[in-house]
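Hi everyone, thanks for coming. Could you bring up the model on your screens while I talk?

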Amino acid sequence: MGNAARAGGLMAFWADIVDDHVQDFREWHNCEHMAERCAIPGFIVGRRYCGIDGAPMFLMYYETENAAVLASPAYHARLNDPTPWTTAMLQHYRNSDRTIFSLLAASGTPAETEPPYVTTCRFNMDPATRSEVEPRLAGEWLDRLAHHEQVIDVRLYRVDEEVSGMMTAERRIYGGGPGAREYLVMIETWQRFRPDLDPGPALPRQDQVVHEFWLDMALHAPGAR
């Protein structure tokens, strides 16, 4: 297990889009928005996934060198000066959950191509037991999840509350904010497959929400690959 060569920051955005504007959303996100974001210093890759079986319509996320990139002047200059196209499209977001995370641990091998499927597992932990449980989740639980042959990579994140809570011009348009769950596990798989996410009573978690997604679009920052 290790994360020395991995992206340390993550902006993850779960959202639905008004049905009549899904095609417009895809065109904007592909042709303007992802390219704009991936040109910001410290951004590594942006990906968009489509929800499966009751999941949010889209999961959009950007991996960055660290969470501080997501509080940088260059990034917030874009967040506070959205293009006309961005301003129009953000009005069609619904049920938005945008959260900034820092990487805690990872197990597996980052894929050389885009992961076809992603499962997200969001949860909380009792603050009284966090110091004991978190290292075990980051160790034995992640390693067990990564052991299955269909799993490519597994990453455990914790919310950066300060950065997640920053108000921006874009946030005022779509109306959402950070989610209510402190931890995120992202599981990348070759096929549609949900591993056993129950760590057992010795590793308690609360308010768990699990969703599956399939790959829709990806864009790497210039020179990032």
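Predicted model: local features only at pLDDT ≥ 70, side-chain atom pairs only at ≥ 80, totals over all residues.

What holds the fold together on screen is a closed barrel of eight strands, in the order S1-S3-S2-S8-S5-S7-S6-S4, with antiparallel pairing. From one strand to the next, the twist averages 35 degrees.

Helix H4, residues 130-146, lies across S4, S5, S6 and S7, and H4 runs at about 165 degrees to S6.

Now let's look at one pair of strands. S2, residues 43-52, pairs with S3 in the antiparallel sense, over seven bridges. If you want a landmark there, Phe43 stands opposite Thr64 in S3.

That brings me to my tyrosine, Tyr62, which sits in S3, the strand spanning residues 58-64. So, is Tyr62 buried or exposed? Its relative accessibility is 3%, and the cut-off for buried is under 20%, so Tyr62 counts as buried.

And which residues is Tyr62 in contact with, leaving aside its neighbours within four places in sequence? The list includes Gly9, Leu10 and Met11, then His29, His33, Met34, Arg37 and Cys38, and also Phe43, Val45 and Gly46. Take Met34 from that list: Met34 and Tyr62 are 28 residues apart along the chain, and their C-alpha atoms are separated by 8.9 Å.

That's my tour, and I'm happy to take questions.

Conventions:
Residues numbered from 1 in each chain as written. Heavy atoms only, no water. Helix = DSSP H or I, 4+ residues; strand = E, 2+ residues; numbered from the N terminus. Buried < 20%, exposed > 50% of the residue type's maximum accessible area, 1.4 Å probe, protein only. Contact = heavy atoms within 4.5 Å. Pairing = 2+ DSSP bridges. Axes fitted to C-alpha atoms, helices over the stretch in contact; angles between N-to-C directions.
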